[in-house]
Amino acid sequence: MERTRRQACRDNIGAAEQHCPAAPMRNEGTTLKINEAYEHEPLRSPDEESSCHCGCQRQGEQCVDVSVPLVLTPTSGVGPVTTVCRGQPTAVCVTAPDGSSCTVTFTQKVCIFMPLRFGVSVTEGDATIACAADGRPCGCSENG
């Protein structure tokens, strides 16, 4: 298989014949940008790129959708209950039809004070990633 100019440039083989700048074989001690992290060599400056007849390097952009499900579960609690009677009780007396007994029902107004606590607990699910449906760039370069 015949080697291309770009391969020769990358391997620094025949750099003089190809008019390619010398390229380091390793990135040790070199700070890489995120787009360079997966390259075998750092991206060349525009001056180096124009002097090399090996092609050009560009930065691609892809929009993705990252989703994370959150499960919300209600929580509640009741503190100590306090009661206070209001007014006097009322009584209703009912005599049985055969006259053998009476049923007396007492009714009292009672105020009940209940301290309530309402909340929500959150459980995070597994995040997912998917390519954006339209496949167009989403302007990441413009938004920083």
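Is threonine 90 buried, partly exposed or exposed? Threonine 90 is partly exposed, at a relative accessible area of 45%. Buried means under 20% relative accessible area, exposed over 50%, and partly exposed in between (1.4 Å probe, protein chains only).

This is a predicted model: local features need pLDDT of at least 70, side-chain atom pairs count only at pLDDT 80 or more, and totals for chains, interfaces and linings use all residues. Residues are numbered from 1 along each chain as its sequence is written, and side-chain values use heavy atoms, with hydrogens and water left out.

**Overall fold**
- The protein chain has 4 helices and 6 strands. Both are DSSP runs numbered from the N terminus: helices are H or I with at least four residues, strands are E with at least two.
- Along the sequence the pattern reads α-α-α-β-β-β-β-β-β-α.
- Of the 144 residues, 13% count as buried.
- Among contacts with a separation of 6 or more, 64% join residues 24 or more positions apart. Contact means heavy atoms within 4.5 Å.
- The accessible surface is about 11,800 Å², and carbon and sulfur atoms hold 56% of that. Areas come from the Shrake-Rupley method with a 1.4 Å probe; for residues, only the protein chains shown count as cover.

**Threonine 90**
- Threonine 90 sits in strand S3 (residues 82–95).
- Beyond its neighbours within four places in sequence, threonine 90 contacts Thr105, Phe106 and Thr107.
- Its C-alpha atom is 6.5 Å from that of glutamine 108, which is 18 residues away along the chain.

**Nonpolar surface patch**
- Val78, Val81, Val110, Ile112, Met114, Leu116 and Phe118 form a nonpolar surface patch of about 710 Å².
- Patch residues have over 30% relative accessible area and no salt bridge; like charges are joined within 9 Å, nonpolar side chains (Val, Leu, Ile, Met, Phe, Trp, Tyr) within 5 Å. A salt bridge is a side-chain nitrogen of Lys or Arg within 4 Å of a carboxyl oxygen of Asp or Glu.
- Strands S4 (102–113) and S5 (116–124) each give the patch at least two residues.
- Valine 81 lies in the loop between strand S2 (70–78) and S3. Its relative accessibility is 48%, so valine 81 counts as partly exposed.

**Cysteines**
- The whole structure contains 0 disulfides, a disulfide being a pair of cysteine sulfur atoms within 2.5 Å.
- Cysteine 111 is in no disulfide; the nearest cysteine sulfur, in cysteine 85, is 9.0 Å away.
- Cysteine 111 is partly exposed, at 27% relative accessible area.
- Cysteine 56 is also partly exposed, at 45%.
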